[in-house]
Amino acid sequence: MICAYCGKEAKGTKEHIISCAILDLFPECYITFDDARDKIHLGDPMVKDVCAGCNNNKISYIDSYAKGLIGKYFTKKYDEDDKLEIEYDYTMVQKMLLKYAFNDMRSRKDDCSFFDKEILHYLMDVCDEIPKENITVLCGLAVNVSPAPDAIFGNLKLRWCKNPLFYSNSTIRHINYETGAIILNEDVEKEDFPDLKFSYLFRFNSVQFLLMCWDKNSEKIDQNNIVLDCQYPYHLMKPNENKAVLPLCTDELNYHKFEHIHVRWDGLFEVGLMRKYASGGSYIYKEHIEKEWQEEEKKISEEHPRK
Ligand SMILES: [Zn+2]
């Protein structure tokens with residue numbers, strides 16, 4: 001086997017697509033739903049093309065950072081009114097998401113030419129701390145604002161997908177506040193970003209990250225970043241900042257239909273509010289079910305300890 005990182009011939013070791021340390025934080029999520037292969041299994045999502053030297057010595061610092069960040073802020077759920085400010089290291093967040101995307105792309109046998117010598121060096125060298133300008137990262141708070149409890153759709157706290165669908169306009173054309181009727185925007189188009197090589201959406205329980213990887217020679221990156229910043233309910237992370245307040249990035253539809261990135265002004269935010277007010281301001285049955293589910297989750301965690 002040729003090691004995906006150092007390029008040397010060596011025996012392959014198992015590399016978790018998402019750090020094992022993060023999976024350890026969520027023992028209740030013990031089933032893998034592998035849409036790419038249309039399989040459901042009990043094992044962790046893995047690739048096996050990294051040599052022991054790279055796996056254990058070169059890239060493991062990224063996993064340690066990831067565990068710290070996710071463990072500190074995102075093992076709990078938040079409400080839509082919560083204000084969460086996080087402290088982070090921009091370079092490390094870039095590296096963490098890049099590593100997971102790279103793992104996932106290799107596991108799907110996708111074209112990995114984006115991960116050239118420069119990017120691999122960036123990942124393998126803890127001292128290579130200059131963030132990449134052709135990579136954009138956004139973050140937002142994932143809150144279930146819908147009337148449907150999380151567990152209805154499976155225990156999907158950890159999710160990721162390649163090339164999520166970015167909308168260019170609201171999915172709702174009109175809301176009739178008298179009757180509650182909603183007219184959908186049938187011809188809403190997909191937003192196309194020039195010089196985008198690929199993108200990824202990650203959810204780690206209560207946070208979502210968007211990773212955008214641009215052509216290195218692109219002159220459209222600044223323009224794309226402006227569109228991303230203005231058009232979507234995410235915070236655009238910047239190299240010179242180390243703190244961010246996470247905006248609510250989910251509405252009642254895309255909290256569950258995760259691959260859909262709705263615009264900031266999507267009427268669904270309004271529909272969600274309208275529905276909630278019509279239900280007296282809270283979803284009491286959902287809250288009741290969620291409380292019960294938390295108890296159930298505790299049991300599941302105990303029944304499925306991680307190593
Ligand atoms: Zn190696």
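View 1. Partly exposed here lies between buried, under 20% relative accessible area, and exposed, over 50% (1.4 Å probe, protein chains only). The model is a predicted one, in which local features need pLDDT of at least 70 and side-chain atom pairs count only at pLDDT 80 or more, while totals for chains, interfaces and linings use all residues. Residues are numbered from 1 along each chain as its sequence is written, and side-chain values use heavy atoms, with hydrogens and water left out. R108 joins D104 in a salt bridge at 2.8 Å, N to O, a salt bridge being a side-chain nitrogen of Lys or Arg within 4 Å of a carboxyl oxygen of Asp or Glu. D104 is buried, its relative accessible area being 6%.

**View 2. The salt bridge between K162 and D110.** The closest N and O atoms of K162 and D110 are 2.9 Å apart. K162 is partly exposed at 21% relative accessible area, and D110 is likewise partly exposed, at 24%.

**View 3. The salt bridge between R173 and D187.** In this pair the closest N and O atoms are 3.1 Å apart. R173 counts as exposed at 52% relative accessibility, and D187 is exposed as well, with a relative accessible area of 56%.

**View 4. A network of salt bridges that links D116, E118, K132 and K216.** The structure as a whole holds 20 salt bridges.
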